[in-house]
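Here is a short tour of a model, with an eye on its confidence and its aromatic rings. Have a look at the structure first.

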Amino acid sequence: MAEARSSFSGSSSAEHFGAAANDDADDIELQQRLEKLEREIVDLTFENNIFEINLERKKSEPITAASAAPAFNASQATTPTSSSQDLTTAGGTSRSDRFARKRSKSRSTQGDFRIQLSLEQKIEIITTEYEQMKNEKSRRETTNEKKMDQLESDAEWIDIEIKDFDAAIAEFNKIRESSIDKRTQKIVGEKIDRYFVERIKARESLINKLRDRSSGLKRQIVRLETQLRQKEEMGETLHEVDFNQLKIENKQYLDKIDEKNVELILLKRQVGKATQSLNRFKDDLNRQIKDLLDIEQRIGKQNNLHGRAEQEMIDANQEQSRAAKIHNHLAEQTEEYEVPEVLDYVKKKALLYNLERDCEVWERKVEIAAMALQQSKQQWQALQRNAQYENNSANWSNELQAR
């Protein structure tokens with residue numbers, strides 16, 4: 001009966017442990033699916049942003065015959081995306097199967113008429129957006145370069161003006177110092193007036209020179225424009241064939257760029273997958289390192305407990321050996337002990353009684369002797385006081401006689 005009960009309890013604990021392990025496996029699998037769905041949501045959000053930008057730009061562009069054509073075919077209408085299919089088909093546990101059946105039932109009740117873009121259309125949209133971004137970047141770089149050139153020229157012009165102002169201030173200070181009369185220490189206005197007149201004349205001459213240069217540049221621009229117009233009239237410019245050739249070359253280069261972009265996208269996907277695997281492996285490594293540290297701490301604690309237990313065992317063995325020695329000595333004493341006779345005990349008792357009585361007698365004698373000693377000390381002190389008194393009186397009498 002006891003064996004049957006133990007076997008039953010062992011089987012029930014095994015079943016409980018197996019159910020707990022299955023629940024843990026289900027939780028881990030659901031966590032992995034959740035992480036996968038989050039990654040897919042991030043990718044789809046990025047793609048949707050690109051597609052929305054492209055759609056907004058297409059709406060803002062004027063409608064042409066080529067752009068008015070239908071962008072999607074009826075054959076492109078598909079049902080659930082690959083992520084949802086992976087969700088419904090993946091997994092081997094009972095909980096994942098129930099979850100997949102529930103999702104399939106909900107999808108069967110609701111019609112899914114979403115339209116998916118083909119890979120070529122996605123690549124075309126991404127290439128278009130890439131070209132648009134590149135053109136926008138080049139346009140901005142050109143604008144920024146022009147602004148930078150303008151700002152640099154303005155800065156150079158400001159530096160020149162500042163240098164001119166500094167030179168003019170220094171020159172004016174020299175003229176002002178030289179125009180001070182040494183006798184009266186007053187400024188003579190004629191020199192300053194002459195300085196300003198010369199300065200105004202120099203500015204007017206500079207303005208005339210700049211005006212002549214500007215008029216010369218304008219004439220040169222007009223001459224170059226007339227030459228360019230004459231060349232266009234004479235047919236020395238590019239023709240439509242040249243433009244067609246350039247278009248063909250441009251299309252070839254664009255095809256090559258598209259191929260390279262496709263390769264770049266595939267490589268980016270591979271890099272993303274490798275990065276995800278690397279992050280997963282890093283997480284596993286960190287988790288294993290933490291487990292290793294915990295195990296090392298446990299091993300250290302167990303080693304300390306082992307050393308303490310060994311020391312306690314050594315102390316216990318020593319205490320046991322001391323107790324064994326004491327026990328053996330007491331056992332030997334009990335074995336060698338002999339009970340004395342009754343007559344010897346009576347004699348010993350009588351001897352003890354006599355000794356106690358003698359001790360009391362001697363104590364009384366000691367008390368009497370101590371009292372006699374005390375009386376002798378008192379008598380001795382009285383004699384000493386009398387002798388001292390007599391000596392003092394004798395000394396006084398001698399001193400009186402001497403006087």
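The report below covers confidence and then the aromatic pairs.

This is a predicted model, in which local features need pLDDT of at least 70, side-chain atom pairs count only at pLDDT 80 or more, and totals for chains, interfaces and linings use all residues. Residues are numbered from 1 along each chain as its sequence is written, and side-chain values use heavy atoms, leaving out hydrogens and water.

The chain has a mean pLDDT (the predictor's confidence in each residue, from 0 to 100) of 77, and 78% of its residues reach 70 or more.

Now to the rings. The whole structure holds three aromatic pairs (ring centres of Phe, Tyr and Trp, the last by its six-membered ring, within 6.5 Å; planes under 30 degrees apart are stacked, over 60 edge-to-face, the rest tilted).

Phe172 lies in helix H4 and Phe196 in helix H5, so their pair ties together parts 24 residues apart in sequence (helices are DSSP runs of H or I, at least four residues, numbered from the N terminus). Ring pairs link Phe172, Tyr195 and Phe196 into a cluster. Tyr195 is buried at 7% relative accessible area, whereas Phe196 is partly exposed at 43% (buried is under 20%, exposed over 50%, partly exposed in between, with a 1.4 Å probe and protein chains only).

Note on methods: Helix = DSSP H or I, 4+ residues; strand = E, 2+ residues; numbered from the N terminus.
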